[in-house]
Amino acid sequence: MAASLAKSLAVQGRKTLLVELGGSRFFEFIYGERLGFEPKLLEKNLCLAIWEGEACLREYLQYLFKLSRLVDLFFDNRIMQALVHGAPGLKELALTGKITSRERRVGPELPFDEIVVDAYSTGHFLALLAAPPAMAEAISFGPMGAQSRGIQQVLSSEGCRYLVVVTPEELPLTEGHELAHAIQRQVGRSPLIVKNRCWPSVMPETPPANVPADFWETWKSRRDLQQHFDLSPFEVGGELPQIWSNDNRHIIDRLSLIWLEEWEHHGAH
Amino acid sequence: MGLIESLESAKVIVSTGTGGVGKTTISAALGAVMARRGKKVLVLTIDPAKRLAQALGLNEGIFEPVLVPEASGKGAFYASMIDPKRIFDRFVEKFSPQPEITAKLKANRLYQQLVTALTGSQEFTSMDRLLSEVEKRQFDLVILDTPPTQNAVDFLRAPKRVVGLFDERITKWFIQGGGKVPLFSRIVSRGTKAAVAALEKVTGSEFLHELSDFFEQMSYLQGQVKERSRRVEELLKGADTRFLVVAGADEQKLEETKSFLEELGQSGFHSSSLLLNRAYPEWFSQGDSFASDGAFFNEAVAYYQERRQRLERFENENSFISIFRLADSGKPLNGVKDIVKLSEALEVL
């Protein structure tokens, strides 16, 4: 979903950076390209990067101290290695710091119009969002406290938008709805909910010949949930169809075209 | 050998995999199978989905094992939630030499963060709880549903990170002088001095003060942290422990899972099984040819046929792993009856 959104923004001429958090390296697999911390141009206007806490911290220190030797000294030091790997909140803060660096004007320039972050799944993402306010509360003075408050400000600002992606099945809808509430509590912003893998809402009146009863029942159940599951007070930002393909690039391409059509008709949110 | 047979002799089963693959539900269903076979089983889980928690009788605030009679069969099925904060707090209370140290540590603001949501703490406390339950010897089998990680291997690496943080060679830098001497003047090595100066510039003196205080209090516990971690590792590598890796059937997830299984083997953990959850819908697994005049249905059939071919290819290329495919019933989990039903599906794999 994040990739299709980024691609559709790029097609519209917006310089877009698609960021994957953490180590699953999903996009490396999809695009067959070695990706790293620095953005890599994959298609016109579309760059990709993988951001992890330690690399973000290293870049931030490099930006602060300018001297590579000092940064190397820091990361080569056994005490600092243990701290970076295990100290409460440091990695989460470095990661959210990088995500918000453009708006805070801290760190190296990120020359993009849009940054689309393919974030962690529910619990991990909420832990990530929780780090800046927790650190700001714990450390009231000094650079750490100030940076944490700055990060929190951007995460709660108009410039930062949240999309919660759900599929029209009971558990994902319930969890997505709960996640939207949790994000709202955490940052004070209402996420948009996007329904993905929607089956056609218009069904034949009777099951076509030889369609198994289970398939028919699943279709009806998904249609009903898609239409009637109460996601209020959150706005639904799009309903994207199920694309029966095992090829992820094909899915991304198809979904990006759908995003473009959607924006042409309704305008971008 | 079937899935259940491959796990039946185990006294500990670690159910692992990335988030969102149905690991908790599978752990519960596996518990139900083993209970039906006469065992006294405990399923330990962290942060289960609300409906699953309700089905297992795990109401908020209850962390002691709860008996689930409807899933107990001839044996007994217990479920319990893991609360990282409570476990950390108990750990501190149990092993602190003085109540003042417990109080100081609990008041430290970095400790308060460590025990809640931060990297490594859930994994460390899950493993500690597992060890406690196994050592009590009250159950024939303990199934640990691991905390959700972005990458399955994170679970195995996390405790080492926590232990690394409390390495005495490291903590001594922060605690020499009992906190009375400023941190900077305690450090002798020029390299460390420069690194700490850099850290202070980034974080500020208040953070360093908290950190120093945190390490000072934790230094009384570092022996226990290391000892518990050593025993957990021994338990996980023991002959009575099996790993069940639960994964989705998407191709990129399969590659990630394969790397994880290889790492498990290389790290000295015992043989494991891979369960591909929701590999395809039940109706698809029950037939070979589908001819219909429904276009949407035909697209779905073509999709699942291709997926089946990919899965078969993956299985052929990785014959060193015992791989099992579980079909998706397509129905939401509404109670213990559904867990029992799922357990019956596991039993025939």
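In this predicted model, the contact between the two chains draws 59 residues from chain B and 58 residues from chain A. Together, chain B and chain A bury about 5,300 Å², and 67% of that area lies on carbon and sulfur atoms. On the side of chain B that touches chain A, helix 11 of chain B (residues 190-203) provides the largest share, with 10 residues. By class, the residues on this side of chain B are 28 nonpolar, 13 polar and 18 charged. Polar contact across the same interface is found for 3 residue pairs, with both residues at pLDDT 80 or more.

Empty space is considered next. Rolling a probe the size of a water molecule over the atoms shows where such space is left. The count of cavities of 30 Å³ or more comes to 6.

| Space | Volume | Lining residues by class |
|---|---|---|
| Largest cavity | about 260 Å³ | 12 nonpolar, 4 polar, 3 charged |
| Second largest pocket | about 390 Å³ | 6 nonpolar, 1 polar, 11 charged |

The largest cavity is lined by 19 residues, and those closest to its centre are A:Leu57, A:Tyr60, A:Leu93, A:Ala94 and A:Gly97. Four helices of chain A each supply at least two residues of this lining: helix 3 (53-65), helix 6 (90-99), helix 7 (101-104) and helix 9 (142-155). Helix 6 of chain A gives the largest share of the lining of the largest cavity, 5 residues.

The second largest pocket has 18 lining residues; B:Ile87, B:Arg90, B:Asp128, B:Arg129 and B:Ser132 are the closest to its centre. In chain B, helix 4 (84-95) and helix 7 (121-136) each contribute at least two residues to the lining of this pocket. Charged residues account for 11 of the lining residues of the second largest pocket, whereas the lining of the largest cavity holds 3 charged residues and 12 nonpolar ones.

Side chains of opposite charge can pair when their charged atoms come close. Over all chains, a search of the whole structure finds 35 salt bridges. One salt bridge joins the side chains of A:Lys7 and A:Glu43, with an N to O distance of 3.2 Å. Because A:Lys7 belongs to helix 1 (residues 2-11) of chain A and A:Glu43 to strand 2 (residues 40-43) of chain A, this pair ties together parts that are 36 residues apart in sequence.

Two backbone features of chain A remain to be described. Most residues other than glycine have a negative phi, and most peptide bonds are trans. The peptide bond from A:Ser232 to A:Pro233, however, is cis, with omega near 10°. A:Pro233 is located in the loop between helix 11 (213-228) and strand 7 (236-241) of chain A. A:Arg197, which is not a glycine, has a positive phi of about 55°. This arginine, A:Arg197, lies within strand 6 (residues 192-198) of chain A.

Technical notes. Residues are numbered from 1 along each chain as its sequence is written. Chains are lettered from A and ligands numbered from 1 in the order in which they are written. This is a predicted model: local features need pLDDT of at least 70, side-chain atom pairs count only at pLDDT 80 or more; totals for chains, interfaces and linings use all residues. Side-chain values use heavy atoms; hydrogens and water are left out. Contact means heavy atoms within 4.5 Å. Buried area is the accessible area (1.4 Å probe) that two parts lose on being put together, summed over both. A polar contact is a pair of N or O atoms within 3.5 Å; within protein, one must be able to donate a hydrogen and the other to accept it, and residues adjacent in sequence count only if both atoms are side-chain atoms. Ala, Val, Leu, Ile, Met, Phe, Trp, Tyr, Cys and Pro count as nonpolar, Asp, Glu, Lys and Arg as charged, and the others, Gly among them, as polar. On a 1 Å grid over the protein atoms alone, a cavity is a set of points where a 1.4 Å probe fits but cannot get out, and a pocket is an open set with protein on both sides within 12 Å along at least five of seven lines; lining residues have an atom within 4 Å of a point. Grid points are joined across faces, edges and corners, and a volume is the space filled by probe spheres set on the points. A salt bridge is a side-chain nitrogen of Lys or Arg within 4 Å of a carboxyl oxygen of Asp or Glu.
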